[in-house]
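These notes are for a colleague who has not seen this model before.

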Amino acid sequence: MEKKSSNFINIIITTSIVLLFYIIVNHTLIYSTNTSNSGVTIYNINTVTVSYGDKEYNATLPCRISDLKPGTVVKVQYRVAPDASSIYFASIYCPIEVYASGEHLYSYGKNSKTSLFLDPPVLYEIVNLPKSYKPYDVTMLYTASNTRNDVVLYPPLAGDSITIFHFLIEKEGKYVLNFLFFISLGLILMFFAIFYIKSPKHGAFFLWPGLMALSSGLWQFSNNSLVILLTRYPKILYITGFISMFFIGIPLCESTKRSLNMENSKPLRYLTFIEILTFIITLAFGIMGIVPFQKSFHFYQMFLTATFLCLALIVFQRLIKERKWSDLWFFLATLFMLLSSVLEYLNYQIHFLDQMMLIFQDSLFVFSIVLGILGGIESSRIYKQSLDTLELKNNMKLQTQTIETSKEKLELMITHFDDIRKQRHDLKHHIRTMSDLLEKKKYIELSTYLSSIEKSIPNFSNKKYCENVIVNSTIEYYIETALNADIEINTNLEIPRSNPHISDSEISVILGNLLENAIAACSVLPKGGRYININSQKKGEMLFITMDNSSNGNYLPNGDLFYSTKHKGDAIGLSSLKSISERHQGSAKFEALENQFRSEICVRL
């Protein structure tokens, strides 16, 4: 319980630090771009005269004019002071014509109809006004779109073009930081996923959150007014933005499955399948012009809200059943996203904020941090589990070798016992023969006969390296391996017969790992320069083991360990030694010198 509470506190602290960093950088960027002090006034035009059909009235911007037939022309008129040299305006999925004092200035979207673009994409533009000493009477003609029954009007800006641009940077600076953050985060996570290409389970912890962050960043990038103003490619941004937005639900579900270890959850599988199917259908309908992307967006807003609702219910069900703190944290974050999705939909309908998707973007930022932290914790758990599995396999291999050595020795002893039994059977015959030779004083024949008997006696050698029988068997196996590889080996081992705090098998694993790594390091060296010196000494309740072996010095450091030269990744043997020593109140230290590798292990006996 204490560990869970500690993890929960760590997540709160980490999230708070990241959010604080984001706020500081965000506001620094906004205030650093406050350069609109050129002496030229910017006019924010909020009140205009709107007329269409037989209707004419004064309107306050922003506003939405609804219930229009396709092709209806909406005239917007306003007056601009003569000290303004440019106007900035927006066109939301409808063609536009701009006039100033009767002079035609700009046209957009009249002849751009295709199956994909029945209506022109969103446009933001700055247009220069003709020189004049009188106020400008500006007229904008918006043509109602073919796929929507409304025209959305945003307040134009009038003034100097450079001043207007600086003003937009001030206003949009926060949103620029948002999409830069998400795109950068997505690319970084996907880059990390490449390193786990041979381990898809680990790579998925980076890949799916990376795709979700990248999709969100591209959506925000493609809908940012500054980007649209500067890139001059609204059609490409239109396609990129909507495809990215429709795709977000897929990595969202996949990230959730992995961050909460719910890969086997059937409801999440069904939800992911629905997300994929919806994305394919929406994409196909949009490309064929059956349902334009911007019209599908209304459906997708509701669908995304439903997705978060389903995620909240799925996680809440498991939360009630298993009561995991990570589920609670994710459940709260999902409810937060659900609320933001509802508010964003309401904002799209009644425009209580002039920036679309602002609520959703900021909420997704917080949600991504929570999801990333939970995913990181789960990934760390799986990585540790994999490391433990590899360590167990390694330990089992060493123990199997010990058993095989003991088996060989036992078989050899059985063979020798059979020989001894036979020798005992023939002993009386040997005694009679020797007595007869002795009585006849045939000393030369007797000496020859004794030599033949001596040679027939089994030569059973069981060298004793330490008091512990099981550990001794392991050491004997590796020493024989080292001698067969022309490695000079010196041992001075003090290991008690019985040790209450550590098993014989674990001591065998420690010595086996050390000797196996040393033999591998020596084997690549020329003969004559290979050596291993291994010693152990008991002091109080602690056993201290040191080993020096010759090496070529080619090691890649990995913290206080080294990368394996046998395979890609960490040296599992060294990780195993470190893990065993720490479990038994000890430590493990490894040092790579120029032509020597030194290992120091201590454990409680």
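1. Two strands are taken to pair if DSSP finds at least two bridges between them. Helices (H or I, at least four residues) and strands (E, at least two) are DSSP runs, numbered from the N terminus. The model is a predicted one, in which local features need pLDDT of at least 70 and side-chain atom pairs count only at pLDDT 80 or more, while totals for chains, interfaces and linings use all residues. Residues are numbered from 1 along each chain as its sequence is written, and side-chain values use heavy atoms, with hydrogens and water left out.

2. Strand 14 (residues 531–539) pairs with strand 15 (residues 542–550) in the antiparallel sense, over eight bridges. Along this pair, Asn535 faces Thr546 of strand 15, and Lys539 faces Met542 of strand 15. The hairpin of these strands has two residues between them, and Gly540 there takes a positive phi near 65 degrees.

3. Strand 15 is also joined to strand 19 (residues 596–604), by nine bridges and in antiparallel fashion. Asn549 has Phe597 in strand 19 as its bridge partner.

4. These strands belong to an open sheet of five strands, in the order 13-14-15-19-18, with mixed pairing. The edges are strand 13 (488–493) and strand 18 (587–592); each has a single partner strand, so one side of each is left without a neighbour in the sheet. Neighbouring strands of this sheet are turned against each other by 5 degrees on average, direction ignored. For such angles, axes are lines fitted to C-alpha atoms (for helices over the stretch in contact), and angles run from 0 to 180 degrees between N-to-C directions.

5. Another open sheet has six strands in the order 3-2-5-10-7-8, with antiparallel pairing. From one strand to the next, the twist averages 20 degrees.

6. Within that order, strand 2 (residues 47–52) and strand 5 (residues 73–80) run antiparallel and are joined by three bridges. Ser51 stands opposite Lys75 of strand 5.

7. Ile45 sits in the loop between strand 1 (43–44) and strand 2. Is Ile45 buried or exposed? Ile45 has 10% relative accessibility and so counts as buried (buried means under 20% relative accessible area, exposed over 50%, partly exposed in between, with a 1.4 Å probe and protein chains only). Its C-alpha atom is separated by 5.4 Å from that of Pro155, 110 residues apart along the chain.

8. Helix 2 (residues 161–194) has a kink of about 55 degrees, centred on Glu172. The bend at a residue is the angle between axes fitted to the seven residues ending there and the seven starting there.

9. A nonpolar core is a set of buried Ala, Val, Leu, Ile, Met, Phe, Trp, Tyr and Cys residues joined through side-chain atoms within 4.5 Å. The largest has 60 residues, of which Ile92, Phe242, Phe308 and Phe367 touch the most other members. Helix 8 (residues 293–322) supplies the largest share of this core, eleven residues. A second, separate core has 36 residues, including Cys466, Ile580, Ile601 and Val603.

10. The structure has zero disulfides (a disulfide is a pair of cysteine sulfur atoms within 2.5 Å). Cys466 counts as buried because its relative accessibility is 5%. Cys522 is also buried, at 0% relative accessible area.
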